[in-house]
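Please keep the sequence and the 3D view to hand while reading.

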Amino acid sequence: MEECISVFDMLKIGVGPSSSHTLGPWRAAERFLEELKNESILDQTKRVKVDLYGSLSLTGKGHATDLSVMLGLSGQDPEYIPVENIAGIIKNIEEQHEIILANEYKIPFYFLQDIVFNKNFLPFHANGLKFTAYKADDSEYESTFYSIGGGFVVKEERTNAKIKEEIKCAFPFPIQNAVELLNYTVTENKSISEIVYENEKSMRPEAEIHSELMRIWHTMLECMYIGCHSEGILPGGLNVRRRAFDMHQNLIGLSNYSDPQSWLEEIRKTEVKFRQILKWVSCFALAVNEVNASLGRVVTAPTNGSAGVIPAVLMYYLVIENHNAGEKEIKQFLMVAGEIGSIFKKGSTISAAMGGCQAEIGVSSSMAAAALCELMGGSPAQVLMAAEIAMEHHLGLTCDPIGGLVQIPCIERNTMGAIKAINAAELALETDSKNAKVPLDKVINTMWQTAKDMNSKYKETSEGGLAIAVNMADC
């Protein structure tokens with residue numbers, strides 16, 4: 001039996017710039033601390049060493065993998081840590097040569113020696129990392145984790161699989177692929193979001209579903225707001241200038257507002273022409289991923305590198321398509337998007353280290369296209385068609401970040417993914433689903449086959465494509 005995946009597994013609040021290289025290693029460090037506590041080793045630990053392998057090593061510096069590991073070992077939570085505190089915590093570790101393990105025990109920590117970048121790959125997954133705790137009696141405790149994309153972390157033996165299977169038993173509508181999902185909508189006479197909601201209700205109270213979905217949306221909205229009101233140069237050495245600020249200033253004009261919600265209302269009053277719509281959608285996506293690139297708080301959707309697509313398309317619906325839309329439509333959108341993402345994760349991958357950027361921007365575009373299509377009145381079959389169209393036109397997209405940073409071409413790619421999602425939804429709405437030639441499950445399988453055939457240098461290693469055609473010196 002396969003694991004169940006909740007909407008809240010696919011849409012997670014965390015810190016940028018990468019879900020697989022930042023959030024995943026951070027969560028792995030937390031898991032390691034839990035193991036030390038369970039084994040009664042934590043208070044005996046005198047030193048910790050971290051080995052990074054494969055893609056985590058090759059692009060780890062640009063993705064702040066080393067920083068996230070230190071923050072995780074310090075007992076910080078990526079979902080709630082004040083982002084303005086991050087720099088200070090890292091500075092103290094580096095200058096004092098010590099870390100407060102689990103925020104309880106102070107031990108020596110020399111980050112240049114105790115975090116090791118190994119270029120070789122572990123066989124189980126491209127994103128591997130091993131933690132070693134050295135005890136006072138000179139014995140050692142080792143634990144290896146794999147960051148498989150979207151902030152998901154597993155061990156090769158998959159110790160949590162049994163627990164997840166048991167959770168799935170509670171789902172009234174267990175879903176492994178798009179065909180199963182579509183069948184449920186027919187037999188139950190429900191929309192996709194209604195099927196997803198029934199599954200979510202088997203796991204948590206309705207009030208919690210509501211509050212958590214709205215917390216996700218408010219994080220997205222705040223992220224867009226911050227990005228549109230922040231100027232300057234992104235960190236990392238590429239000297240990439242933030243563009244959302246200037247674009248936003250030109251679009252918003254002299255509007256008066258004081259917070260994210262009043263800002264949204266003011267955008268609804270702006271001029272609506274095709275060029276302006278393109279610019280607004282692009283601006284929203286740029287804003288999110290500029291925040292992500294500067295270690296800001298974003299919603300992993302389904303990854304950090306693709307975090308701008310879903311907020312941009314949902315914001316497009318709220319400020320352009322339906323000014324009367326509110327919490328009902330927001331929750332509906334997020335539930336559909338989350339379910340489509342989970343189907344991709346089960347049938348293929350959402351890790352760029354495994355599948356290239358098709359696994360990130362392609363999947364996020366499919367998620368957004370499907371969600372928008374349902375809000376625009378599409379049938380369940382048309383919703384799945386929208387997801388298929390979006391992915392079909394991202395197949396083979398490589399991951400080749402310059403300098404290992406989630407900036408070039410990653411930030412712009414979010415704008416393209418968002419625009420393609422809107423186009424895919426419109427195409428699906430204007431098509432009789434009976435005439436569809438490519439089912440969603442077939443394109444997911446094709447994506448996975450493409451991922452396996454793709455040369456490793458195009459899978460988030462910065463060893464091919466733009467990453468070598470353009471170097472740091474050029475920037």
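H97 is partly exposed, with a relative accessible area of 35%. Its phi is near 55°, a positive value in a residue that is not glycine, and H97 sits in the loop between α5 (86-96) and β3 (98-101). The model is a predicted one. The points below begin with the backbone, then turn to the sheet, its helices and the salt bridges.

**Backbone features in loops**

- E460 likewise is not a glycine and has a positive phi, of about 60°.
- The loop that holds E460 runs between α20 (440-453) and α21 (466-469).
- E460 has a relative accessible area of 3% and is buried, whereas H97 is partly exposed.
- A cis peptide bond leads from A301 to P302, with omega near -5°; P302 belongs to the loop between β9 (297-300) and α14 (309-321).
- A cis peptide bond also leads from I408 to P409, where omega is near 5°; P409 belongs to the loop between α18 (380-392) and α19 (410-429).

**The five-stranded sheet**

- An open sheet is formed by five strands in the order β5-β2-β6-β7-β8, with mixed pairing.
- The edges are taken by β5 (115-118) and β8 (152-154); each has a single partner strand, so one side of each has no neighbour in the sheet.
- From one strand to the next, the twist averages 25°.
- β2 pairs with β6 in the antiparallel sense over nine bridges; D51 has K130 in β6 as its bridge partner.
- β7 (residues 140-149) and β8 run antiparallel and are joined by three bridges, with F152 in β8 as the bridge partner of G149.
- Seven of the 10 residues of β2 are buried, so this strand is mostly covered, given that buried means under 20% relative accessible area.

**Helices against the sheet**

- Which strands does helix α2 touch? Helix α2 (residues 19-38) packs on the sheet and touches β2 (45-54), β6 (127-135), β7 and β8.
- The direction of α2 makes about 150° with that of β7.
- Helix α4 (residues 65-73) lies across β2, β5 and β6, and runs at about 150° to β2.

**Helix α13**

- The 20 residues of α13 (residues 274-293) should span 28 Å at 1.5 Å a residue, and the end C-alpha atoms are 28 Å apart, which agrees.
- Is α13 mainly enclosed or exposed? Of its 20 residues, 16 are buried, so α13 is largely enclosed by the rest of the structure.
- L295 follows α13 and has a positive phi, near 60°.

**Salt bridges**

- Side chains of opposite charge can pair when their charged atoms come close.
- The structure holds 22 salt bridges.
- One of them joins E104 to K37, with the closest N and O atoms 3.8 Å apart. This pair links distant parts of the chain, 67 residues apart: E104 is in the loop between β3 and β4 (105-108), and K37 is in helix α2.
- E104 is partly exposed at 47% relative accessibility, and K37 is partly exposed at 45%.
- K61 and D66 form a salt bridge in which the closest N and O atoms are 3.1 Å apart. K61 counts as exposed, at 52% relative accessibility, while D66 counts as buried, at 7%.
- K130 and E142 meet through their side chains in a salt bridge of 3.9 Å, N to O. The pair links strand β6, which holds K130, to strand β7, which holds E142, across 12 residues of the chain.
- E142 is partly exposed, at 47% relative accessibility. K130, its salt-bridge partner, is also the bridge partner of D51.
- Salt bridges with shared partners bring R27, E30, D77, E79, E212 and R215 into one network.

Note on methods: Residues are numbered from 1 along each chain as its sequence is written. This is a predicted model: local features need pLDDT of at least 70, side-chain atom pairs count only at pLDDT 80 or more; totals for chains, interfaces and linings use all residues. Side-chain values use heavy atoms; hydrogens and water are left out. Two strands pair if DSSP finds at least two bridges between them. Helices (H or I, at least four residues) and strands (E, at least two) are DSSP runs, numbered from the N terminus. Axes are lines fitted to C-alpha atoms, for helices over the stretch in contact, and angles run from 0 to 180 degrees between N-to-C directions. Contact means heavy atoms within 4.5 Å. Buried means under 20% relative accessible area, exposed over 50%, partly exposed in between (1.4 Å probe, protein chains only). The expected span of a helix is 1.5 Å times one less than its number of residues. A salt bridge is a side-chain nitrogen of Lys or Arg within 4 Å of a carboxyl oxygen of Asp or Glu.
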